[in-house]
Amino acid sequence: MNVVPSGVWKFSECHYTIGCKMVMILFGNAYFSAGLEWLNTEGPLSFTRELAGKVVVLDFFTYCCINCIHILPDLHQLEKKHSVKDGLVIVGVHSAKFPNEKVLQNVQSAVLRYNITHPVVNDGDARLWHELEVACWPTLVLIGPKGNLLFSLVGEGHRERLALFTNTSLRHYRDQVLLSDHLVGTKLYRDSLPPSLLSFPGKVAVDSSRKRLAIADTGHHRVLVVSSIGLVLYSIGGPESGRKDGNLDEATFCSPQGIVIKGDTVFVADTENHLIRKIDLLEGQVSTLAGVGFQGTDMEGGAMGPQQPISSPWDLALGTAGKSTEDNMLWVAMAGTHQIWALFLENGKLPKRSESKAGTCVRFAGSGNEENRNNAYPQKAGFAQPSGLAPAPEEPWGCLYVADSESSTVRSLALKDGAVKLLVGGERDPLNLFAFGDVDGKGVDAKLQHPLDVAWAPDQGLLYVADSYNHKIKVVDPKTRQCLVVAGTGEAGDVLGPGLTESSFNEPGGLCVGEGGRVLYVADTNNHHLKVLDLDTKTVSLFPISLEDAVDSAPTKSSGPCKVPKLPKSASRVKMPPLAVSPGQTVNLELVLSLPEGTKLTEDAPSFWTLSAEGNEWLVGNQVVTGDIQNLSQPLSIPAILPKVLKATEASPSLTLSVWVYCCLAGGGACMMKAASFTQPLQIGSTPRNGSVTVTLAHAF
């Protein structure tokens with residue numbers, strides 16, 4: 001619960017029960033001011049016209065607040081049970097905490113992001129908030145059909161009480177024949193927007209060893225895994241939300257945020273499902289590691305993951321605990337309980353704790369109170385909606401950096417003893433969550449506005465910050481605690497260049513470091529883009545994403561693209577003689593390529609291959625398999641494991657290996673792209689066998 005300090009605005013005390021002063025006044029003295037901005041309606045609403053004869057629930061919220069997000073399912077459930085014709089209308093009253101949240105376009109984005117379909121009014125000057133003496137977010141106020149105030153609820157966790165009072169009020173006023181069944185004109189904001197390939201991407205992660213990116217396509221409820229040049233390799237989940245494990249083509253998510261990719265494993269913070277999920281790309285399976293599928297209130301943990309309720313995990317990071325030298329745990333930014341948790345992937349031990357078994361999910365730091373409190377004891381420290389994590393295990397750092405969004409700070413959490421310290425932002429009063437701004441400076445003198453992510457560049461010893469509500473990317477030197485702007489104008493926009501500080505963003509929510517610290521990948525959330533910051537050339541560009549089977553750029557429900565990228569007309573096409581194989585065998589495709597004389601592969605445009613089976617996609621697990629080409633001095637072996645169970649097909653199945661090679665003259669100058677494809681027909685027998693069959697695919701460009 002976010003409480004407004006008395007030094008900011010003056011309010012009378014408000015409690016969870018019917019005890020506020022405001023229940024004693026008549027709503028006739030409070031009203032929606034003329035000129036307010038409305039969303040999801042055909043026009044402004046009035047208690048003397050459109051809302052007359054209705055039981056109205058006013059939801060006072062601000063879109064940054066995790067507690068406000070938590071009650072949206074309660075309101076959705078209420079809307080499903082009682083329609084406008086039944087006499088119930090829910091109105092969201094957006095009363096901003098941060099200056100950035102007063103801007104209509106940003107409220108519009110939040111309405112889309114959180115799938116709010118009831119009317120919303122942007123009360124930027126908080127007039128109704130003042131009139132009703134509201135003191136904190138969220139606050140729900142129930143109003144009768146004559147404008148009479150019935151009761152209020154403060155904070156989250158009142159689903160049953162809200163349903164009880166609403167049901168009782170509707171029944172009471174229906175018996176008194178005071179309800180009206182007239183409709184309230186609606187016009188959903190989302191219906192006026194064109195589709196986009198990405199929708200509010202929350203976080204992005206890079207696997208430098210495989211040159212792949214994982215993107216939390218939050219608004220489309222899916223996870224994308226793409227190559228370094230933007231080819232979509234896997235699309236898991238979406239376009240609708242859901243909560244289902246299983247094969248890649250049937251698994252579903254609900255507004256995923258935090259994401260980690262390592263090898264063929266992707267870990268996902270499935271935020272609005274209150275789950276932590278694992279995607280095994282090799283096995284083609286999605287499973288649940290932690291959470292029970294609904295919001296938990298436990299602030300201690302300690303149960304095995306699938307039995308442990310958790311609350312709005314917002315980011316993840318791989319790390320180590322105990323004496324392990326390999327990543328054996330996931331750090332979790334548990335925004336819903338304002339804590340940092342640990343999920344053990346293997347047996348391990350937190351500082352000053354006993355051994356934890358693999359699968360255990362437990363609190364590491366944070367009391368659960370929403371505070372900006374630093375402390376040498378991790379359980380006594382206080383966070384305020386931690387939203388981004390960046391491990392810096394190397395000495396002398398030895399910590400986990402935390403983007404603590406509601407305190408507008410970046411904090412450090414020591415890995416050896418759990419001590420929590422301020423790095424930049426905020427102020428020294430642990431209860432003041434309103435010390436925000438946009439100021440370069442050192443330590444507490446620097447000011448941020450609701451930062452949502454951090455990314456560590458170990459080679460440079462620098463920490464990058466997504467200063468989300470300032471629409472900027474900043475950098476912090478942990479040695480000096482100096483914080484400076486890197487990119488962004490400070491105004492919401494979608495402009496590229498010419499330089500970093502001339503480029504604009506709109507509430508960037510995620511970022512990661514690539515290319516040895518030379519590049520930043522930024523999830524530019526409200527612009528629905530992934531952007532690339534080249535720190536060497538000081539430029540910003542769009543990261544191209546190619547999903548060729550998308551219809552009008554809308555999301556598709558598939559585990560990978562149905563088509564490989566189109567080969568140019570100049571590409572060589574080689575058809576191999578039929579190859580006799582058996583179900584269950586591995587076909588090893590040995591690729592031997594020769595570049596034109598005097599040329600070499602270029603790193604600026606990475607070469608790659610794709611393996612497909614058009615018309616018989618089941619041969620390759622219903623996905624386009626791809627990989628990078630980094631060295632042509634020796635054959636490249638590409639295994640294709642045939643299924644043990646065959647599907648009936650009329651056509652003779654075949655595998656197609658396509659290659660795109662980017663090369664330049666060894667002495668510099670001209671560069672070129674060469675492409676070729678090899679089609680390998682298969683004669684598959686009926687008896688399953690083990691073992692492998694090798695075929696050489698050779699071509700000289």
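Q: Where does Arg-190 lie in the chain?
A: Arg-190 belongs to the loop between strand S9 (186-187) and strand S10 (204-207). Helices (H or I, at least four residues) and strands (E, at least two) are DSSP runs, numbered from the N terminus. The model is predicted, with local features requiring pLDDT of at least 70 and side-chain atom pairs counted only at pLDDT 80 or more, whereas totals for chains, interfaces and linings use all residues. Residues are numbered from 1 along each chain as its sequence is written, and side-chain values use heavy atoms, leaving out hydrogens and water.

Q: Why is Arg-190 called partly exposed?
A: Buried means under 20% relative accessible area, exposed means over 50%, and partly exposed lies in between (1.4 Å probe, protein chains only). Arg-190 has a relative accessible area of 41%, so Arg-190 is partly exposed.

Q: Which residues does Arg-190 touch, not counting residues up to four places away in sequence?
A: Arg-190 touches Leu-112, Asn-115 and Thr-117, where contact means heavy atoms within 4.5 Å.

Q: Why is the pair of Phe-98 and Tyr-469 called edge-to-face?
A: Rings of Phe, Tyr and Trp (its six-membered ring) pair if their centres lie within 6.5 Å; planes under 30 degrees apart count as stacked, over 60 as edge-to-face and the rest as tilted. The ring centres of Phe-98 and Tyr-469 are 5.4 Å apart and the planes stand at 85 degrees, so the pair is edge-to-face. The two residues are 371 residues apart, with Phe-98 in the loop between strand S4 (88-94) and helix H3 (104-113) and Tyr-469 in the loop between strand S32 (462-467) and strand S33 (472-477).

Q: What makes Phe-98 count as buried or exposed?
A: Phe-98 has 0% relative accessibility and therefore counts as buried.

Q: How do you know that the charged end of Lys-380 sits over the ring of Tyr-377?
A: A charge sits over a ring if NZ of Lys or CZ of Arg is within 6 Å of the ring centre and within 35 degrees of the ring normal. The charged end of Lys-380 is 5.4 Å from the centre of the Tyr-377 ring and sits over that ring. Likewise, Lys-97 lies over the face of Phe-434, at 5.0 Å from the ring centre.

Q: Which residues form one aromatic cluster with Phe-434?
A: Phe-60, Trp-129 and Trp-137 form one aromatic cluster with Phe-434.
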